[in-house]
Amino acid sequence: MASLFKRYHSTEEYYDIERRIRAPWWGRPFSSAVNGILKTAGSPQIRVPAGKLAIDMHVHTLCSYCSFTRPGELLLRAAFLGLGGICIMDHHTVRGYEMALEAAERLKREGLLPEDFILLRGIEYST
């Protein structure tokens with residue numbers, strides 16, 4: 001684990017969420033490139049029997065060091081795939097969940113996210 005932190009001065013700098021949110025390469029350009037590749041590969045559609053619900057119980061936003069996805073884009077992608085909800089499980093923070101709540105309200109008002117889409121909060125904590 002120590003080798004991961006070599007280019008940073010501290011673990012706090014490594015986990016600096018504000019830096020990740022502000023970084024231009026950590027947002028739309030990178031996400032657009034990845035989404036373009038995924039679109040070319042094709043997108044699976046989740047088929048859920050009537051009366052059932054599919055929820056991805058472990059997703060990350062750009063508030064985790066292992067993800068590039070902005071919360072609003074994550075919500076849209078999950079709904080597009082046929083999920084009825086997601087549980088945001090960022091590392092050491094609920095900041096991504098808070099950002100997703102704001103995005104979900106806006107997307108529901110705009111009719112881009114189903115009104116009954118479920119957003120759950122969790123946290124992945126390293127011990």
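Reader: Is His92 buried, partly exposed or exposed?

Author: His92 is partly exposed, because its relative accessible area is 30%, and the class between buried (under 20%) and exposed (over 50%) is called partly exposed, using a 1.4 Å probe and protein chains only. This is a predicted model in which local features need pLDDT of at least 70 and side-chain atom pairs count only at pLDDT 80 or more, while totals for chains, interfaces and linings use all residues. Residues are numbered from 1 along each chain as its sequence is written, and side-chain values use heavy atoms, leaving out hydrogens and water.

Reader: Where does His92 sit, and what is its phi?

Author: Most residues other than glycine have a negative phi. His92 is not a glycine, yet its phi is positive, about 65°. This residue belongs to the loop between strand 2 and helix 5, where helices (H or I, at least four residues) and strands (E, at least two) are DSSP runs numbered from the N terminus. A positive phi, near 105°, also turns up at Gly82, which follows helix 4.

Reader: And His91, buried or exposed?

Author: His91 lies in the loop between strand 2 and helix 5, and it counts as buried because its relative accessibility is 8%. A contact means heavy atoms within 4.5 Å. Leaving aside neighbours within four places in sequence, His91 is in contact with His60, Cys63, Ser64, Tyr65, Cys66 and Glu124.

Reader: What does the side chain of Ser67 reach?

Author: A polar contact is a pair of N or O atoms within 3.5 Å; within protein, one must be able to donate a hydrogen and the other to accept it, and residues adjacent in sequence count only if both atoms are side-chain atoms. Here the Ser67 side chain reaches the backbone oxygen of His60 at 3.2 Å. Ser67 is found in the loop between strand 1 and helix 4 and is buried, with a relative accessible area of 8%.

Reader: Now the overall layout. How many helices and strands does the chain have?

Author: There are 5 helices and 3 strands. Along the sequence they follow the pattern α-α-α-β-α-β-α-β.

Reader: How are the strands arranged?

Author: Strands of a sheet pair through backbone hydrogen bonds, either parallel or antiparallel. Two strands pair if DSSP finds at least two bridges between them. In this chain the 3 strands form an open sheet in the order 1-2-3, with parallel pairing. Strand 1 and strand 3 (118–121) stand at the edges with a single partner strand each, so one side of each is left without a neighbour in the sheet. From one strand to the next, the twist averages 20°.

Reader: Which residues pair across the sheet?

Author: Begin with strand 2 and strand 3, which are joined by 4 bridges. Ile86 has Leu119 as its bridge partner in strand 3, and Cys87 has Leu120.

Reader: Which residues have the most contacts inside the largest nonpolar core?

Author: In soluble globular proteins, nonpolar side chains tend to be buried together. A nonpolar core is a set of buried Ala, Val, Leu, Ile, Met, Phe, Trp, Tyr and Cys residues joined through side-chain atoms within 4.5 Å. The largest one here has 16 residues, and Leu75, Ile86, Ile88, Leu113, Phe117 and Leu119 have the most contacts inside it. Helix 4, strand 2 and helix 5 (95–109) each supply at least two residues of this core, and helix 5 gives the most, with 5 residues. Not counting residues up to four places away in sequence, Phe117 touches several residues, including Leu75, Ala78, Leu83, Ile86 and Lys108.

Reader: Which residues of helix 4 are buried?

Author: Pro71, Gly72, Leu74, Leu75, Ala78 and Leu81 are, and they pack against strand 1, strand 2, helix 5 and strand 3. Strand 2 is covered on both faces, with Gly85 and Cys87 buried on one side and Ile86 and Ile88 on the other.

Note on methods:
Axes are lines fitted to C-alpha atoms, for helices over the stretch in contact, and angles run from 0 to 180 degrees between N-to-C directions.
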